[in-house]
Structures are given as structure tokens and as C-alpha cells.
Amino acid sequence: PRRDHEAFFSVFHIPRRDHEAFFKRVAGWLRPGGSFVFNLGSGMDDGEGDCGLETYFLGTTMVWSSHARDKTTALLSTSGLSVVKEELKTVTVGDAVDDAGLKF
């Protein structure tokens, strides 16, 4: 099957106040049957306030912002998107990503 109608994005780098508008835009970009693969924070550590900032992340300021899972699911639904599969992965310093020798 054609796979030129997929999108991938790290949504947690968008302030959560903008997630609904972003999901609506993505829904408009996708062809019928298209997929949108994305990642978010768990909503457990970053669910307070609008967003967190790491002031020095590889030389720049980085935004981290997510809603709790239920809120994200509701925003996806009102945007015309639905969850097909979800997976919770905890990434920490010293995990397999670091062990792979990725350099920035």
C-alpha cells in the first residue's frame, strides 16, 4: 500500500495549549486512511502548568508539554482523529538509546 500519507511529529515540543489546533491541522493534512504517528510525555510529570522548559538542551531552550492521556484522547477525537495503537515507553539517561552510541 502507498505510505505517502503518514506524518510523524514530537507533539510534546508544542505547548499543550496549542495541541488541539495542531491536531486539527494534522487531520486536514492526512489523506483518507492516513496515519499520524506521534509521541507525547506521559502527562504524569509534565501535567502541571502550560509547559516545562529546559533552558539548556544541546545549546538551546527546549519546550516539554503534554496533557494527561484522557485529555489528549479527547482532543484527538474532536479533531477527527482516533487512537489505533498506543505504547508507553520510558526513556531515561543510560537506556538503550544512549547505549546505541547516538551523538548530538
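Start by selecting Phe22: its relative accessible area is 12%, so it counts as buried (buried means under 20% relative accessible area, exposed over 50%, partly exposed in between, with a 1.4 Å probe and protein chains only).

Before going on, a word on what you're looking at. This is a predicted model, where local features need pLDDT of at least 70 and side-chain atom pairs count only at pLDDT 80 or more, while totals for chains, interfaces and linings use all residues. Residues are numbered from 1 along each chain as its sequence is written, and side-chain values use heavy atoms, with hydrogens and water left out.

The chain averages 75, and 62% of the residues score at least 70. Which helix has the highest confidence? That's α2 (residues 69–78), at a mean of 92, whereas the lowest is in α3 (residues 96–99), at 56. Helices here are DSSP runs (H or I, at least four residues), as are strands (E, at least two), numbered from the N terminus.

Back to the two rings. Phe22 and Phe23 form a tilted aromatic pair, with 6.3 Å between centres and 50° between planes. The rule: rings of Phe, Tyr and Trp (its six-membered ring) pair if their centres lie within 6.5 Å; planes under 30 degrees apart are stacked, over 60 edge-to-face, and the rest tilted.

Next, select helix α1 (residues 19–29) and look for its buried residues: His19, Phe22, Phe23 and Val26. Why do they sit on the same side of α1? Because they cover an arc of only 100° around the axis, taking the directions from the helix axis to the C-beta atoms. Turn to the face pointing away from that buried side, and you'll find Arg25 and Gly28 exposed.

Now for the largest nonpolar core: select Val11, Ile14, Phe22, Phe23, Val26, Leu30, Phe36, Leu75, Leu76 and Leu81, ten residues in all. Such a core is a set of buried Ala, Val, Leu, Ile, Met, Phe, Trp, Tyr and Cys residues joined through side-chain atoms within 4.5 Å. Here α1 gives the most, with three residues.

Last stop: Leu40, in the loop between β2 (35–39) and β3 (52–57). Leu40 is partly exposed, at 22%.

Technical notes: pLDDT = per-residue confidence, 0-100.
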